[in-house]
Amino acid sequence: MKALVTVMPKAGVLDPQGKAIGHALSSLGFAGVADVRAGKVIELELAETDPAKAKAAAEEMARKLLANTVIESFRVEVV
Amino acid sequence: MKALVTVMPKAGVLDPQGKAIGHALSSLGFAGVADVRAGKVIELELAETDPAKAKAAAEEMARKLLANTVIESFRVEVV
Amino acid sequence: MNAVIIVFPGTNRERDMAIALERASGRKPTLLFHRADALPAGTDLVVLPGGFSHGDYLRSGAMAAQSPIMQAVRDFAAKGGHVLGVCNGFQILTEAGLLPGALLRNATLRFLSMDCHMRVERSGTPYTAHWQKGAVFRAPMAHGDGNYFCDDETLARLNGEGLVAFRYSTPAGEITDAANRNGARQNIAGILSPNLRICGLMPHPEDLVDPLMGGTDGLPMFTSLVESLATA
Amino acid sequence: MSTAPTSLDAARAKQLSAEFGLKADEYDRVLSILGRTPSLTELGIFSVMWSEHCSYKSSRVWLRTLPTKAPWVIHGPGENAGVIDIGDGLAAIFKMESHNHPSFIEPYQGAATGVGGILRDVFTMGARPIANLNALRFGAPEAPRMKRVIDGVVRGIGGYGNSVGVPTVGGEVNFHPAYNGNPLVNAMTVGIAPKDRIFLSAAAGIGNPVVYVGSKTGRDGIHGATMASAEFSADSEEKRPTVQIGDPFTEKLLIEACLELMATDMIVAIQDMGAAGLTSSSVEMAGKGGVGIELVMDNVPQREQGMTAYEMMLSESQERMLMILKPGREAEAQAIFHKWELDFAVIGHLTDTGHIVIRHKDVVEADIPLAPLESEAPLYRRPTAETPKRAVLDAAAIADPVGPLAALETLVGSLDLCSRRWIWDQYDSTVGGQTVKRPGGADAAVVKLDGLKRALAITTDCTPRYCQADPEAGGAQAVAEAWRNLTAVGATPLAITDNMNFGNPEKPEIMGQFAAAVRGMAAACTALDFPVVSGNVSLYNETEGRAILPTPAIGGVGVLEDAAHAVGLALTPGLDLVLVGAT
Ligand SMILES: Nc1ncnc2c1ncn2[C@@H]1O[C@H](COP(=O)(O)OP(=O)(O)O)[C@@H](O)[C@H]1O
């Protein structure tokens, strides 16, 4: 099954990429964009077939490697 | 409302990041990870309150700026 | 001084570091591949050099921090060993939890390759003994993720305990926004561990140890190390 | 197992051959060489081997007229890169190569993979790369997409070079509307090797294993080489093949693994997989060695499911090399590549048949005699039309409406002369710890050789508007400027590489520019004893029928016996300014 790990900068952590994207969007003429945050998504194709176990495994991978919890938070979704 | 734009390397396009992450996961001892793809997610806080319009606007932003459609595909979700 | 330089896949400034260490100490350091699980007996200094370990894919330094050799480096540090991390090495030290904080993408979102100036904020450490506090020196920097970040509490502790080693400054030693090209918090270029034995910094003093390459501004760091470790 | 490949339907084959860029008479030659209608894989192999990019069919007759010899030249054109003796038992290995079309389609990846490709040309010969340079021509910054192209190309060059840890020490950049739809990205690499340990590409030893190393093969850039040989049209954005993505991390591992293997005596021959990947490397290695080669596609490391022999033979996936090993050494070699976490596979062996035979799933997909594939490759002496000479301007007769100060200000602020700091600030120019003169520091970059006093001076030069006005004088001028830039830092100029960027060679005026530029270059090289040891040709640089300016970019290399004698640009107070030469 597939696990999607979404990693975002924590609130309060500077997000230069999000800021630059917001800036670029407004100079392209897109109005009404209040805030932009840029993060990562990692799609894992797992052999595990039990959703709960797959989720637990992906969370473990996120904690150990995929996210740096000093600056990032993550969420895991199993599909 | 919030729009989530997920940008992934197109199928068939080499994904060096995903490859390296997969490698690192297996050397950390995580078994059963068949494939890894790494992409970006951009969270947009939009002033628009109509979901259909918000989605259309975010898609337009993705096409114009957020995704490089030569090598990336994207999907938009409104939450 | 027995220095060991760890080579990860993608490390690319190990030779620069070896040249600088040899110049200061007269001894060739040992290059150790990351798959090793122990440091050579008698190691005085471990250096994590610059480069793009594992391509810096995912996050700079994240995958290297999980390499087999890093457990040995942690044990070495826990016993009071000296560990220097430069550029990618600094990133690896933060990812491994040996130094606090993280290195974010440069605020300019561009790779920055240029000389910068740094003010020495703490002298009398194994890394800074040859400088006075407030001295300014020059070094090339070359990084995409050098924007030092830590939370307020950590920042207060670093400042309070005098663990900020270097700040980006003007050539005259003023701490300005313009001198802070990558956007680091409070111009922090390098920090120290509480026991002053672990040091991480973004710029490359090892690339400025020879008048031919434009100067010897970076040499005091290495002569400091040689003297401190010889008498240790 | 069947023995002959399955021919395509005759009508279908003829139509496909045109789509793959073969001219009708070229296709007839394919039929007569094979004595039957080709299979799809065979047609693919012929079309890429006979493309302009691989066969140099329009340019070869002219390139032959360039001087290529000097006592210090070890290998001139014909190898993966040129090799010269620089003293102290060392050789400098260098070449320049274009990645123009890919960089327009996807600027970051196009430029990045351009750097990756030229690095492989150099380390495949046994050299550790010590310097990169880049010669760039962009359109007007306000032209559509151009800002994105400029930004992407500069980031891509930096992104790749910085990561592999080879300093980018110099280059050049010009802007002109003629490049609006066809920017030029020329990358140069210089490497160093012991001069008695140079690795060549000619295969030898019947039965010896053919080994594939590096990244896996995907469906990247299939028919990229033929694309590089075809003119752009407005709809080419639709036709683009899957873009190649660069992986500098894998390249760095490949450099270290190859150099580690090269320190042993296991390699018979080695070549990188560049344009037309497995096809050009296997055909050229076997062809040069006068042997046959048999490849089994099932053994090729594959990134995607269900790839066909045709796709694998034409894939341009990056960061791959092909080599011939001494028999029985496979396990030892494999251990080195596995240490560096790279794929390693024996995919075939050399034969005495003189044919290239491709097998896949127990079927022969191609069987082509190598000798005629090379000897009957098309060679054109295309019609040329001279660029009309322009009247010489009488400078004294031209009024000065602005005054010298305003003119100077305008010049200094112009796109072609303003500071290039915004470019080189994104390139790591110091990694390696040997950069004596960085970008902006001198007329040529100076890079010292680790542990020695000796240093190399390196420059790239061309002034396309001179070449447009007078291609012969422009070609000579580019060589002379490279020579001057090397002497200006105190180096002895030794040799050049070139990158000939021109429009559609089927137009006599373009072929006339090419021929004249070569004449001018040859004259200057001869006069200065400054031979050409490697080079690259990029033709069909046109958009909707409009050609770029003729751009023969020159990469020059010289040697300084003592790096301490390198001279920079910075004026030192108290010294006199002396002007040398007539004004
Ligand atoms: N694309 C580039 N990459 C790196 N350095 C560059 C590039 N373009 C120009 N430079 C550097 O900028 C300086 C000035 O370039 P240029 O004006 O072409 O020099 P010159 O005309 O003196 O030969 C040189 O040091 C050159 O190497």
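User: Is D:A444 buried or exposed?
Analyst: D:A444 counts as buried, because its relative accessibility is 3%. Buried means under 20% relative accessible area, exposed over 50%, and partly exposed in between (1.4 Å probe, protein chains only). Some ground rules. This is a predicted model, in which local features need pLDDT of at least 70 and side-chain atom pairs count only at pLDDT 80 or more, while totals for chains, interfaces and linings use all residues. Residues are numbered from 1 along each chain as its sequence is written, chains are lettered from A and ligands numbered from 1 in the order written, and side-chain values use heavy atoms, with hydrogens and water left out.

User: Where is D:A444 placed?
Analyst: D:A444 is in the loop between strand 14 (435-437) and strand 15 (445-448) of chain D. Helices (H or I, at least four residues) and strands (E, at least two) are DSSP runs, numbered from the N terminus.

User: And what is D:A444 in contact with, leaving aside neighbours within four places in sequence?
Analyst: D:K437, D:A457, D:I458, D:T459, D:N485, D:L486 and D:V489. Contact means heavy atoms within 4.5 Å.

User: Ligand next. Which residues come nearest?
Analyst: D:N134, D:G171, D:E172, D:Y427 and D:G440, out of 17 residues around the ligand. The cut-off for near is a heavy atom within 4 Å.

User: What is 2.8 Å from the ligand nitrogen?
Analyst: An N or O atom in the side chain of D:N134. On the oxygen side, a ligand oxygen is 3.1 Å from a polar backbone atom of D:G171. A ligand oxygen is also 3.5 Å from an N or O atom in the side chain of D:D443.

User: How much of the ligand's accessible area does the protein cover?
Analyst: 77% of the 560 Å² that the ligand has on its own. Those areas come from the Shrake-Rupley method with a 1.4 Å probe; for residues, only the protein chains shown count as cover.

User: Which elements give two or more residues to the shell?
Analyst: Strand 4 (128-138), strand 5 (168-175), helix 17 (421-424) and helix 19 (471-488) of chain D. Strand 5 has the largest share, four residues.

User: How do the shell residues divide by type?
Analyst: Seven nonpolar, five polar and five charged. Ala, Val, Leu, Ile, Met, Phe, Trp, Tyr, Cys and Pro count as nonpolar, Asp, Glu, Lys and Arg as charged, and the others, Gly among them, as polar.

User: Chains now. Which pair has the most contacts?
Analyst: Chains A and B, among the five pairs that touch. No contact joins chain A and chain D. Their closest C-alpha atoms lie 13 Å apart.

User: What does the side chain of C:R13 reach on chain D?
Analyst: The side chain of D:T430, by a polar contact of 2.9 Å. A polar contact is a pair of N or O atoms within 3.5 Å; within protein, one must be able to donate a hydrogen and the other to accept it, and residues adjacent in sequence count only if both atoms are side-chain atoms. The side chain of C:R13 also makes a polar contact with that of C:H204, at 3.5 Å.

User: Why does C:R13 count as buried?
Analyst: Because its relative accessible area is 2%. C:R13 is in the loop between strand 1 (3-7) and helix 1 (14-25) of chain C.

User: In the largest nonpolar core, which residues touch the most other members?
Analyst: C:I6, C:L45, C:L84 and C:F166, in a core of 71 residues. Helix 2 (residues 68-78) of chain C gives the largest share, six residues. A second, separate core has 52 residues, including A:L65 and D:L261. A nonpolar core is a set of buried Ala, Val, Leu, Ile, Met, Phe, Trp, Tyr and Cys residues joined through side-chain atoms within 4.5 Å.
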